[in-house]
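The sequence and structure are shown first.

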Amino acid sequence: MTSVARVEAARASVAARLGDPVEIGLILGSGLGELAEAVEDAVAVPFGEIAGMPVSTAPGHAGRLVVGRLHGRRVALAQGRLHLYEGWTAGEIALPVYLLRALGARRLIVTNAAGALNADFAPGEVMLIEDHLNLTGANPLTGRNDAGLGPRFPDMSRAYDTGLRAAVWATGLVERRGIYAGIAGPSLETSAERRWLRSTGADAVGMSTVIEVIAAVHAGLAVLGLSAITNAATGGPDQAPDTIEEVLAQAAAAGRRIEALLARLLPEL
Ligand code: HPA
């Protein structure tokens, strides 16, 4: 669990360079970092220059905060997220979320790359996250709660904001919606694990997002989650081996759809 003091130190170390408060925070997943190129009047701050910020080592994750305007909105975008599989604690992974909140964000958009447990889903498609299963065994709120950041026992019954979900679905630009199962990784799931995950009702599986969303709900942010479906992960007899190259290529394809969605959605928010 992080603290107001740590979040404030991070904010104070960059605030002067960033200008006006932001409205919307974004955390971009594997292969989806290109969205940052669309930010206008961008100020980019490497994570290494933000006090106390962990620095990502994952492929496809640049590790910087980009602040500017996107489709008419003031945004702060964490390009390069942190993962449990890199060795970061859940508390460390949550720090960018609290920083985005401290910079003014009241909404958080999270994107990720995910495998499709649902046999109807195809690589390159985008799934609107309706809910999640946190199967990582970790929680960013473990430890003493700093009440200045949020409540001890945050309600998670509507972790993904119903209004934002409805707004996304109404655009008709997203073809899938479902439940995201978050695992720790870095090994992919066995086929048996994938069949078990399907039986739980999960539609997609990935190695991120759930930790940040718990922190975001704790911090009072309205959350929108989008999964770039990058590979079939049904665990059936036709299950093909997964490669990071294929995941990143499909994430880029789905990323273009997410970009089109944000171009429609952000001006309406
Ligand atoms: N499993 C876990 N994480 C992933 C996958 C997957 O199949 N695809 C992209 N990220």
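Thr230 is found in strand β9. The model is a predicted one. With a relative accessible area of 1%, Thr230 is buried, because the limit for a buried residue is 20%. Asn231 is likewise a residue of strand β9, and its relative accessible area of 9% makes Asn231 buried.

The side chains of Thr230 and Asn231 make a polar contact with each other, at 2.7 Å. Thr230 also faces the ligand: an N or O atom in the Thr230 side chain is 3.4 Å from a nitrogen atom of the ligand. Of the accessible area of 260 Å² that the ligand has on its own, the protein covers 93%.

## The shell around the ligand

In Glu189, a polar side-chain atom lies 2.8 Å from a nitrogen atom of the ligand. In Arg194, an N or O atom of the side chain is 2.9 Å from an oxygen atom of the ligand.

## Helix α1

Helix α1 covers residues 4–18, 15 residues in total. From the first C-alpha to the last, α1 reaches 20 Å, which is close to the 21 Å expected at 1.5 Å a residue.

Which residues of α1 are buried? They are Val7, Ala10, Val14 and Leu18. An α-helix has 3.6 residues a turn, so residues three or four places apart point the same way. Ala9, another residue of helix α1, counts as partly exposed at 39% relative accessibility, because this value falls between the 20% and 50% limits. Between Ala9 and Val210 there are 201 residues of sequence separation and 25 Å in space, C-alpha to C-alpha.

## Buried positions in loops

Ala105 lies in the loop between α2 (90–102) and β5. Is Ala105 buried or exposed? Its relative accessible area is 0%, so Ala105 is buried. Ala105 and Gly25 are 80 residues apart in sequence, and their C-alpha atoms are 5.5 Å apart in space.

Leu149 is placed in the loop between β6 (126–134) and α3 (162–171). At 13% relative accessibility, Leu149 also counts as buried, since buried means under 20%. Leu149 is 102 residues from Phe47 in sequence and 21 Å from Phe47 in space, C-alpha to C-alpha.

## Backbone geometry

A cis peptide bond, with omega of about 0 degrees, joins Gly185 and Pro186. Pro186 belongs to the loop between β7 (176–182) and α4 (191–199).

Two residues other than glycine have a positive phi. What is the phi of Asp41? It is about 50 degrees, although Asp41 is not a glycine. Asp41 sits in strand β2 (residues 40–46) and counts as exposed, because its relative accessibility is 67% and the limit for exposed is over 50%. For His71, phi is near 50 degrees, again a positive value in a residue other than glycine. His71 is found in the loop between β3 (64–70) and β4 (73–79), and at 31% relative accessibility His71 counts as partly exposed.

Methods: Residues are numbered from 1 along each chain as its sequence is written. This is a predicted model: local features need pLDDT of at least 70, side-chain atom pairs count only at pLDDT 80 or more; totals for chains, interfaces and linings use all residues. Side-chain values use heavy atoms; hydrogens and water are left out. A polar contact is a pair of N or O atoms within 3.5 Å; within protein, one must be able to donate a hydrogen and the other to accept it, and residues adjacent in sequence count only if both atoms are side-chain atoms. Accessible areas come from the Shrake-Rupley method with a 1.4 Å probe; for residues, only the protein chains shown count as cover. Helices (H or I, at least four residues) and strands (E, at least two) are DSSP runs, numbered from the N terminus. The expected span of a helix is 1.5 Å times one less than its number of residues. Buried means under 20% relative accessible area, exposed over 50%, partly exposed in between (1.4 Å probe, protein chains only).
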